[in-house]
Amino acid sequence: MKILFFGDIVGKPGQAAVKEAMSVWKDQYQPDFVIANAENANPGDIVTPKILDELISTGIEAFTYGDHFFDGDFSKVAEYPIVRPHNFSGDHPGTGYKVFETALHRQVAVINLMGQAFVKPRVENYFNVIDELLKKIDPSDAIFVDFHAETTSETEAIGWHLDGRVSAVIGTHTHVPTADTRLLPKGTAFQADVGMSGAVNAIIGMDIERANAWIRRQLGEDVPKSPPKDPRTPYAVDAVLIETDGPTKSKSIKRLTTRPAA
Ligand SMILES: [Fe+2]
Ligand SMILES: [Fe+2]
């Protein structure tokens with residue numbers, strides 16, 4: 001089956017860009033199932049039901065999340081087809097995996113895990129967590145893992161750990177796509193980071209001035225906060241198209257992007 005996966009959708013620009021891409025790619029690539037990372041769709045807060053409904057109306061069928069789970073009350077959207085990192089330490093609303101049935105009655109498990117390096121949330125050991133989870137689930141057609149992490153080394157580590165055991169391991173969180181799209185030796189489709197949908201004349205999709213102010217505050221400088229502002233065009237859309245070959249491997253993976261060169 002063909003799975004189309006969009007990286008982190010950043011704010012209104014990201015939503016607009018994905019909507020436009022879906023209007024073309026749905027017919028062009030005819031995916032059986034479409035997934036997107038929604039952690040930044042509503043920057044500074046949890047994604048809203050309204051935004052999810054709009055994204056679902058474009059053809060997106062499932063959502064993954066990440067560290068921005070802690071920006072608000074996730075229970076407001078927990079009933080949506082959405083998963084948040086399965087390995088957060090402690091009890092939290094929502095679930096870290098769901099098994100979906102596609103329009104053509106195929107079963108696909110969508111799993112979200114989170115790395116530990118340079119991120120705030122405390123997480124459980126993702127190697128052990130995924131080993132336990134894979135004993136519990138048995139979807140007939142595909143297992144898709146969104147590994148949400150700041151460092152490519154952690155994503156490569158989990159990719160090798162899961163090679164030949166899941167259909168795909170795709171990284172999210174950095175908002176910058178990596179050029180390492182490949183099938184691992186035992187067939188698992190891999191890319192260390194898929195990238196984002198959002199503005200490119202920006203800092204990982206965010207307004208440059210506001211992002212700089214945030215960084216300066218982290219460096220100890222007294223810079224006031226300013227109201228949120230959406231960056232202007234041009235926008236990028238980064239995604240991958242995976243043709244799976246059952247729940248433990250894939251036939252192909254292709255990087256899709258509308259990222260402008262300049
Ligand atoms: Fe993130
Ligand atoms: Fe993100």
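Figure 1. Strand 2 (residues 8–9) and strand 11 (residues 196–199) run parallel and are joined by two bridges. The model shown here, and in every view below, is predicted. Asp8 has Met196 as its bridge partner in strand 11. Strand 11 also pairs with strand 12 (residues 235–244), this time antiparallel, through three bridges. Strands of a sheet pair through backbone hydrogen bonds, and the pairing can be parallel or antiparallel.

**Figure 2. The whole protein, as a setting for the close-ups.** The protein contains five helices and 13 strands. Its C-alpha atoms fill a box of roughly 55 × 40 × 35 Å along the principal axes. What radius of gyration does the protein have, and what would a compact globule have? The protein has 17 Å; a compact globule with 262 residues would be near 18 Å, so the two agree. Buried residues make up 45% of the 262 residues. Among contacts with a separation of 6 or more, 69% link residues 24 or more positions apart.

**Figure 3. Phe5 in the largest nonpolar core.** The largest nonpolar core holds 66 residues. Which residues have the most contacts inside this core? They are Phe5, Phe144 and Val145. Take Phe5 and set aside its neighbours within four places in sequence. Phe5 is then in contact with Ile35, Ile170, Val194, Ala239, Val240 and Ile242.

**Figure 4. Helix 1 and its kink.** Helix 1 covers residues 11–29, which makes 19 residues. At 1.5 Å a residue the helix should span 27 Å, and its end C-alpha atoms are 25 Å apart, so the span agrees with expectation. Where is the kink in helix 1 centred? The kink is centred on Met22 and is about 35 degrees. Met22 is also one of the buried residues of the helix. The buried residues pack against strand 1 (2–6), strand 2, strand 3 (33–37), helix 2 (49–57), strand 11 and strand 12. Just after the helix comes Gln30, with a positive phi of about 45 degrees.

**Figure 5. Thr151, between strand 7 and helix 4.** Thr151 sits in the loop that runs from strand 7 (142–148) to helix 4 (152–162). Thr151 has 18 other C-beta atoms within 10 Å, so it counts as partly exposed. Not counting residues up to four places away in sequence, Thr151 touches Gly115, Ala117 and Phe118. His173 is 22 residues from Thr151 along the chain, and their C-alpha atoms are separated by 9.2 Å.

**Figure 6. Thr233 and a cis peptide bond.** Thr233 and Pro234 both belong to the loop between helix 5 and strand 12. The peptide bond from Thr233 to Pro234 is cis, with omega near 5 degrees. Is Thr233 buried or exposed? Thr233 is exposed, because 11 C-beta neighbours lie inside 10 Å, and the cut-off for exposed is 12 or fewer. Asn201 is 32 residues away from Thr233 along the chain, with 7.5 Å between their C-alpha atoms.

Figure 7. Most residues other than glycine have a negative phi. His105 has a positive phi, near 60 degrees. His105 is found in the loop between strand 5 and strand 6 (107–114). With 8 other C-beta atoms within 10 Å, His105 is exposed. Phe118 also has a positive phi, near 55 degrees. The loop that holds Phe118 lies between strand 6 and helix 3 (126–136). Phe118 counts as exposed because 10 C-beta neighbours lie inside 10 Å.

How values were computed. Residues numbered from 1 in each chain as written. Chains lettered and ligands numbered in written order. Predicted model: local features only at pLDDT ≥ 70, side-chain atom pairs only at ≥ 80, totals over all residues. Pairing = 2+ DSSP bridges. Helix = DSSP H or I, 4+ residues; strand = E, 2+ residues; numbered from the N terminus. Core = buried A, V, L, I, M, F, W, Y, C linked by C-beta atoms within 7 Å. Buried ≥ 20, exposed ≤ 12 C-beta atoms within 10 Å, placed from the backbone. Contact = placed C-beta atoms within 7 Å. Expected span 1.5 Å × (residues − 1). Bend = angle between axes of the 7 residues up to and from the residue. Rg over C-alpha atoms; globule rule 2.2 N^0.38 Å.
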